[in-house]
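Please look through the sequence and the model below before reading on.

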Number of protein chains: 2
Amino acid sequence: LRLLTLARDLRRRKARERQGLFVVEGVRAVEELLRSSLRVEGVLVAPGLADAPRGAALREQLEARGAPMLDVSARDFASAADTETPQGVLAIAAAPALSLDALVVPPAARLLVLDGVQDPGNAGTLLRTAAALGALATLALPGTVDLWNAKVVRSAMGAQFHHPSLACTWEELDRFRSVHRVALWAADMGGAPLAVAVAAEEGPPARLALAVGNEGNGLSAAARARAERLVSLPIAPAVESLNVAVAAGILLYELRA
Amino acid sequence: LRLLTLARDLRRRKARERQGLFVVEGVRAVEELLRSSLRVEGVLVAPGLADAPRGAALREQLEARGAPMLDVSARDFASAADTETPQGVLAIAAAPALSLDALVVPPAARLLVLDGVQDPGNAGTLLRTAAALGALATLALPGTVDLWNAKVVRSAMGAQFHHPSLACTWEELDRFRSVHRVALWAADMGGAPLAVAVAAEEGPPARLALAVGNEGNGLSAAARARAERLVSLPIAPAVESLNVAVAAGILLYELRA
């Protein structure tokens, strides 16, 4: 029953950080996990997983991989799962040990900086977007939801299994940017329209980190103090803002290396 | 108690369609509603709304507006609310009576076409994105979630209070496109890269409807049969797809009139 206790424990951020482990829920997400190089610590299975062909295939794949597997009751499974209607499979995996220092930075690079993004669904979609649009890494600055939270993992749809995703402080990011000459731009409603900023610079910097702020309050003072440019996307006056993942998607696409 | 019964009833799509009414939940969304021209049929209030200054101000505003208001118990409120942790205010409003025929189409226009988008959160974010990026309207084709579903309304953050949002059939859209000479492009992983498609046309058509498909299955046969161009956004091979609202945001921005 160690796996069941462990899975329950990993719902807490502190436990995830201490153990270097996180939880992946659902058939599709666990399939993605198996396609990655992350170590699978163990798997919880609820009755009925193997009833559907896809679930049965996943179970076989997990067995072939030799991952420790525990069959539990539906009730026990629910006590560990984060989803309301769990799909009967939950894997515990090792979070990749990453640090800013270990990132290899190519001559042209984009990084996404999450400056206090709090909604797990948004954070997950941001990770998925950054990975899809070829960003080198996504960095979670203080005030941002834990990137290994089960809801973030679910909405990232496997992005952080291969896309470097890590938390760091502003001081660590300062050092990294200074060593690797990475510019910092930040999305802000009051900033210069994107096209104007790009024209003023004669194209975006070769190495660029793009910061997006909190859903309600926007950028932190720390981000404002550091950003070399604040950029905005022109939107209709009747609309308060774009969703943060949509805004980041447009900006990362427009500013692609 | 008519308002309580009505609010409960409006959780069903059929009831919303028959009555031409929908439900708006939460302080912020009801504030947005009051800024719009939509008729407020009535308001349910749970104990405690006026405890916070913002809730008290909203209550005063609702009273000034003369909207019929019913104070209900927390339990009754929860029985009508869609959210798990309701904020104690829920308004019933009249959905705008809109039809494709009534849309005034300027010389350059963009429309967003939802072709089987099923997740309410995605549909709401798509409405918010289309409204922000200046689209003329968002059209829900068969297979798409009801745009007046409470979850859609919540994630649209008030977009459909002013942005024309309506359901139609493919045949109605055919007629509209033919009358107003509106081109149809559709987002598809197998389509031409966006930049290639735009270059081939020497810029996007003046009047353009952009279709995005179902989250899992992509475009419908009906959309594929009609689209003059299938366009794609180049993404990293390790990532299966962009979130549909992020993809639509990038495409609407890139193809803006």
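Two strands pair if DSSP finds at least two bridges between them, and strands (E, at least two residues) and helices (H or I, at least four residues) are DSSP runs numbered from the N terminus. This is a predicted model, in which local features need pLDDT of at least 70 and side-chain atom pairs count only at pLDDT 80 or more, while totals for chains, interfaces and linings use all residues. Residues are numbered from 1 along each chain as its sequence is written, chains are lettered from A and ligands numbered from 1 in the order in which they are written, and side-chain values use heavy atoms, with hydrogens and water left out.

Q: Which residue of β9(B) does W185(B) stand opposite?
A: Strand β8 (residues 183–193) of chain B runs parallel to strand β9 (residues 207–213) of chain B, and four bridges join them. Within β9(B), the residue opposite W185(B) is L210(B).

Q: In what order do the six strands of the open sheet in chain A lie?
A: The sheet in chain A is open and its pairing is parallel. Its order is β7-β6-β5-β9-β8-β10.

Q: Why is one side of β7 and of β10 of chain A left without a neighbour in the sheet?
A: β7 (165–167) and β10 (229–232) of chain A stand at the edges of the sheet. One side of each is left without a neighbour because each has a single partner strand.

Q: How many bridges join β8 of chain A to β10(A)?
A: Strand β8 (residues 183–193) of chain A and β10(A) run parallel, and P193(A) stands opposite S232(A) in β10(A). The number of bridges that join the two strands is five.

Q: At about what angle does α9(B) run to β5(B)?
A: Angles run from 0 to 180 degrees between N-to-C directions, and axes are lines fitted to C-alpha atoms, for helices over the stretch in contact. Helix α9(B) lies across β5, β6, β8 and β9 of chain B. Its angle to β5(B) is about 165°.

Q: How far apart in space are H180(B) and V105(B), C-alpha to C-alpha?
A: H180(B) belongs to helix α9 (residues 170–180) of chain B. Leaving out residues up to four places away in sequence, H180(B) touches V105(B) and R207(B), where contact means heavy atoms within 4.5 Å. H180(B) and V105(B) are 75 residues apart in sequence, and in space their C-alpha distance is 7.3 Å.

Q: What area is buried between chain B and chain A?
A: Buried area is the accessible area (1.4 Å probe) that two parts lose on being put together, summed over both. In this model, 27 residues of chain B are in contact with 27 residues of chain A. Carbon and sulfur atoms give 59% of the buried area, which is about 2,300 Å².

Q: Which residue of chain A meets R28(B) in a salt bridge?
A: A salt bridge is a side-chain nitrogen of Lys or Arg within 4 Å of a carboxyl oxygen of Asp or Glu. Across the interface of chain B and chain A the rule finds two salt bridges. In one with a distance of 3.0 Å, N to O, the partner of R28(B) is E240(A).

Q: Which element gives the largest share of the side of chain B that touches chain A?
A: The elements that give two or more residues to this side are α3 (27–35), α6 (120–132) and α12 (244–254) of chain B. The largest share, six residues, comes from α12(B).
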